[in-house]
Amino acid sequence: MLGFLTARQAGLDDPLRLRRAESTRRVLSLQLNHDRDVDRIHGNGINTIDIEVIEGRYMLSGGADGVIVIYDLENYTGKPQYTCKATCTVGRSNQHVHKFSVETVQWYPHDTGMFVSSSFDKTMKVWDTETLRPAEVFQFDGNVYCHHMSPIARKHSLIAVGTKNPKIQLCDLKSGSSIHVLQGHRAEILSVRWSPRYEHILATASADSRVKVWDVRRASGSLFTLDQHNGDKSKASSEAVNTAHNGRVNGLCFTGDGLYLLTTGTDDRMRLWNSATGENTLVNYGKVCNESRKGLKFTLSHGCSPEFVFVPCGSSVAVYALHTGELVTMLRGHYNSVDCCEFHPDYQRCSNMLV
């Protein structure tokens with residue numbers, strides 16, 4: 001560390017190099033924090049969490065009981081031991097609460113005044129954080145498995161929504177209506193992700209074993225469908241055409257620069273793809289335990305070299321090196337299955353929740 005500081009002070013090193021080195025060191029030394037806990041509000045399992053990027057202070061959680069909770073992660077007590085308190089809750093007594101399991105929650109990317117939740121009650125709700133009342137409610141024909149807003153979009157305000165219907169719905173926050181559908185999958189949509197590099201690029205994963213990449217400005221079909229065999233038909237059966245996994249594809253995650261796309265499937269495999277060409281990079285992560293019957297919410301580190309992937313695996317979280325596939329460590333501490341995890345870039349923490 002002293003060597004990094006000296007080189008930075010002398011102008012021999014890029015200041016970012018020290019930051020990357022420290023971020024990497026912290027990830028490699030991650031362990032269960034015995035001084036920090038989170039209030040237990042949910043009466044059932046937790047399906048989804050999201051940490052806002054404006055201050056990095058507030059965390060959303062959505063549970064199988066339909067309840068949504070906002071936690072304050074900051075410790076202003078000055079004491080080393082601290083329990084993160086719930087600042088507000090959309091509980092069962094709230095007339096606007098979801099009737100069934102909340103599958104995805106997401107903060108509005110540009111401020112904390114709004115967040116979006118989607119549920120098995122066939123609705124997606126856009127919430128006003130101040131009043132905890134929905135400003136807009138979108139109704140769908142089937143259970144909603146996932147939704148995602150672009151973290152960088154300036155020219156559109158679309159939310160991509162995956163439901164039991166194989167068509168991806170694009171809902172416009174400005175008009176309050178579903179303005180377009182993307183057709184091409186043959187089964188329910190389990191995960192959707194906007195690119196953090198290009199605001200019109202969307203990736204979708206389905207129970208039909210396929211992952212498609214779309215440019216939503218085009219009226220025609222998807223740009224391409226990911227092929228685990230990179231076009232080598234001798235390795236695929238005659239019936240399999242451009243499948244990303246040999247099972248349901250239930251997880252998607254772009255790298256921070258948007259150059260790569262990670263996918264997970266119920267074939268217990270995780271694959272890394274070139275997001276521009278759709279090429280399978282053939283990184284071997286080995287067996288990646290995937291017992292989720294719905295979407296698997298995994299995450300990546302930020303500002304590290306190399307980058308790391310955090311994947312729920314049974315009652316633990318597996319940590320892999322992104323580009324080599326090496327299993328770095330297993331984060332243990334839960335007593336039941338972990339369904340989602342998020343990485344806090346400011347504090348170099350991995351938050352994870354039980355099913």
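Select R271 and H245. Their side chains are joined by a polar contact of 3.2 Å (a pair of N or O atoms within 3.5 Å; within protein, one must be able to donate a hydrogen and the other to accept it, and residues adjacent in sequence count only if both atoms are side-chain atoms). This is a predicted model: local features need pLDDT of at least 70, side-chain atom pairs count only at pLDDT 80 or more, and totals for chains, interfaces and linings use all residues. Numbering starts from 1 along each chain as its sequence is written, and side-chain values use heavy atoms, with hydrogens and water left out.

Stay on R271. It lies in strand 21, residues 269–274 (strands are DSSP runs of E, at least two residues, numbered from the N terminus). R271 is buried, at 14% relative accessible area (buried means under 20%, with a 1.4 Å probe and protein chains only). Now show its contacts (heavy atoms within 4.5 Å). Beyond neighbours within four places in sequence, R271 touches Q228, A244, H245, L261, L262, T263 and N280.

Next, select strand 9, residues 123–128. Of its 6 residues, 5 are buried, so strand 9 is largely enclosed by the rest of the structure.

Find V116: it stands opposite V126 of strand 9. The two strands form a hairpin with 3 residues between them, and K122 in the turn has a positive phi of about 70 degrees.

Finish with strand 10, residues 133–139. It pairs with strand 9 in the antiparallel sense, over 6 bridges. R133 is the bridge partner of D128. This hairpin has 4 residues between its strands, and L132 in the turn has a positive phi of about 55 degrees.

Key
Buried < 20%, exposed > 50% of the residue type's maximum accessible area, 1.4 Å probe, protein only. Pairing = 2+ DSSP bridges.
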